[in-house]
Amino acid sequence: MGAVEATDDARWMAAALSLGDRGRGRTAPNPNVGCVIVMDGVVVGRGWTQAGGRPHAEAMALAMAGDKSRGATCYVTLEPCAHASPRGPACADLLIAAGVARVVAAMRDPDPRTDGDGLARLAAAGVETRCGVQADAARRSMAGWLTRQRKGRPFITLKLAMSLDGCLAMADGRSRWITGPQARAHTHLERSRHEMILIGARTLAVDAPALDVRLDGLHAHSPRRLVLTRDTAAPPDGWQAIDSPEQVRALPGDHLMVEGGAGAAAAFLAADMVDRLLLYRAPILVGGGLTLPAIGLADLAQAHGRWRLLDARQLGVDRMEAYERA
């Protein structure tokens, strides 16, 4: 493979990944896959997994491309499925029938019903295949579904808004508002990419947050609201109560955002169930406010090497940093 073709593959896969991110938080129980079909350097079809998991990204892109898919290259963020279901045919068979000449996948499908069989079926039909392009980015894009597959729970993001001196709230528990409007808008975007959002009982009592999405065009994507509390008998209307982090395993959805407060954050960290940290740091000093409680760390050596910086940016006066588990 030439350098130009490898560069083109990476560029078109990046476009497919951007499409796949559109479905994040809305495609469970299926992964949020993106797909681009390219002929002679021109996009002739594009798609992403739709809400509820169907249609698949490839089916959507093929429907758009029509006859132009014959002889084209399909870029897809996950190996095309090889198993038919009552909800639709196997994407590998759809691609073969459409006459695509080449399929480039970001990663193999770990689902045992496919797991290499999709690419093998395409190759057996004379379709050129390549796998592994932008694989790390694909794993991040589909982290929710992959975490559900491997760990039997949703992918969990812990969001913390804090002052320069590490305070998460005032001494009486009030945390509205530590950060400015740009950071809060970014938080709303993050909410829209999660099926579930969770706070602790004290945060619910003190701040009574709506936890909805208040961005134009995304109002319909507000996550389900959970409260972590010892008293699960009578949660407020519109809320679901759980009494331990482990209970999120049984809840539908592949993405959970833990938004506050300090006790809920500590509970999920102590349970070793945080996959991503989203930190918003405001240029203020609180002094004597609430900080993160103990999370069971016995030695500082245990704290090192656990988190890797993914992204950092300025949001107005505030600083955002995103970390993933190393």
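Okay, a definition to start: on a 1 Å grid over the protein atoms alone, a cavity is a set of points where a 1.4 Å probe fits but cannot get out, and its lining residues have an atom within 4 Å of a point. Keep in mind that this is a predicted model, where local features need pLDDT of at least 70, side-chain atom pairs count only at pLDDT 80 or more, and totals for chains, interfaces and linings use all residues. Residues are numbered from 1 along each chain as its sequence is written, and side-chain values use heavy atoms, leaving out hydrogens and water.

So, the cavity. We get 1 of 30 Å³ or more, volume being the space filled by probe spheres set on the points, which are joined across faces, edges and corners. Lining the largest cavity are Gly-25, Arg-26, Thr-27, Ala-28, Asn-30, Asn-32, Trp-145, Glu-195, Asp-254 and His-255. Domain 1 (1-146) and domain 2 (153-325) each give at least three residues to that lining, with bounds from an automatic or database domain assignment.

Next, the record. An unreviewed UniProt entry annotates a "binding site" that includes Ser-175 and Glu-259; such annotations may be inferred rather than shown by experiment.

How exposed is Ser-175? Partly, at a relative accessible area of 25%, where partly exposed runs between buried, under 20%, and exposed, over 50%, with a 1.4 Å probe and protein chains only. Glu-259 is buried, at 14% relative accessibility.

And contacts, meaning heavy atoms within 4.5 Å? Leaving aside residues up to four places away in sequence, Ser-175 touches Leu-168, Ala-169 and Asp-207.

Definitions and conventions. 1 Å grid on protein atoms, 1.4 Å probe; cavity = no way out; pocket = protein on both sides within 12 Å on 5 of 7 lines; lining within 4 Å. Contact = heavy atoms within 4.5 Å.
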